[in-house]
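Hi,

Here is the structure I said I would pass on.

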Amino acid sequence: MAIRFANAPCSWGTIEGWGQGIGYAQMLSELVETGYTGTELGDYGYMPTDPEKLRQELNSRHLTMLGAYEGVYLKDPDAHAEGEARVLRTARLLGSVADVGDGWQPLLVLADEHSRDPLRFEYAGRIEPGMSLDDSGWKVFAAGAERIAKAVRDETGLCTVFHHHCAGYVEAPWEIEAFLEHTDENLVGLVFDTGHYLYGSGTPEGELVLDGLEAFKSRIWYVHYKDCSPAVATRARGEGWNYKEAIANGVFCELGKGSIDFARVTRKLRQIGYDGWITVEQDVLPGMGEPKESARHNREYLRAVTGI
């Protein structure tokens, strides 16, 4: 397989429980019109939950389903059972359309439930080591992630990737490292998100993304392309914005308008042997900007700088 580009509902304002943008049918059609051939599921219930209806929507647009994001509050062991049940519901739906498209097996994209912890919500983008989990906390957190990944594998045969995410407990580079050290490399992979990585690093230096790809290359099973505006990120840190305020002010901007050089990132991915799907995500709240035009710009930009 070769690198190819997808997009996702979060680029149209349906974003992890914070509201819904346009309807799924219009979103999928706009995704195709702007040059993408794969999608993620979005929040459970946004797209059809009836497997045959979902299959029809994908097939009619010649789309591949890449995966689905589910956040679980992994810090709390009492949240693991409920999280597992919710994740399995989503994984079953993914499994029902796993044969649609180009042969890619959908991934369960697991994350810490971002924005639930007040400290992490308020300090997203400027995390300090003292805000991280301690060793016992990491053990609980990792046990929850492995429990869920094992359940997904055993029931559906699908793999789980973990999404490092701002406003959750795996945000800063050292937290990604700690999480990976505490989890089985054969059970849990990493979805590397360029924008979350850079904003979570606490600096505007896009070069750090290349360092992250090198550091975590052996665990990267999937990739999200997201840019980060240095001006908005600097203002967010200086004025003490919480995570949602940063999103609302466009911290994750159109590709090519932030700090990240995606031509170099793509070359780096090829160098480390990655040849899977890359999903473009320009996280916006419902009603923000012009999602279709941003999706078109992002696709044209990638075509220009990568030749893909």
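Val109 has Val161 as its bridge partner in strand 5. That pair belongs to the parallel pairing of strand 4 (residues 107-112) with strand 5, which runs over three bridges. Before you go further, do keep in mind that this is a predicted model.

Strand 5 also has a partner in strand 6 (residues 188-193): the two run parallel and are joined by four bridges. If you want a place to start looking there, Thr160 stands opposite Val188 of strand 6.

Next, helix 1. Within its residues 24-33, the buried ones are Tyr24, Met27, Leu28, Glu30 and Leu31. Around the axis they take up an arc of only 165 degrees, so they sit on the same side of helix 1. What do the buried residues of helix 1 pack against? Their partners are strand 1 (4-7), strand 2 (38-40), helix 2 (51-61) and helix 12 (291-306). After helix 1 comes Gly35, with a positive phi near 105 degrees.

Setting aside residues up to four places away in sequence, Leu31 touches Asn7, Ala8, Trp12, Tyr36, Gly38, Thr39 and Leu63.

Now for the loop between strand 1 and helix 1, where you will find Ser11. Is Ser11 buried or exposed? It counts as buried, because its relative accessibility is 7%. One joins it to the side chain of Asn7 at 2.7 Å. In the other, the Ser11 side chain reaches the backbone nitrogen of Gln282 at 3.0 Å. Asn7 turns up in the Leu31 list too, as one of the residues that Leu31 touches. Leaving out neighbours within four places in sequence, Ser11 is in contact with Val280, Glu281, Gln282, Val284 and Pro291.

Last stop, helix 9. Its residues are 230-239, and Val232, Ala233, Ala236 and Arg237 are buried there. Looking down the axis of helix 9, you see these buried residues within an arc of 130 degrees, so they line one face of the helix. Which exposed residues does the face turned away from the buried side of helix 9 carry? Those are Ala231 and Gly238. On the buried side, the cover includes helix 7 (194-201) and helix 10 (243-248). Helix 9 is then followed by Gly240, where phi is positive, near 70 degrees.

Happy to go through any of this with you on screen.

Cheers

Technical notes. Residues are numbered from 1 along each chain as its sequence is written. This is a predicted model: local features need pLDDT of at least 70, side-chain atom pairs count only at pLDDT 80 or more; totals for chains, interfaces and linings use all residues. Side-chain values use heavy atoms; hydrogens and water are left out. Buried means under 20% relative accessible area, exposed over 50%, partly exposed in between (1.4 Å probe, protein chains only). The arc is that of the directions from the helix axis to the C-beta atoms. Contact means heavy atoms within 4.5 Å. A polar contact is a pair of N or O atoms within 3.5 Å; within protein, one must be able to donate a hydrogen and the other to accept it, and residues adjacent in sequence count only if both atoms are side-chain atoms. Two strands pair if DSSP finds at least two bridges between them.
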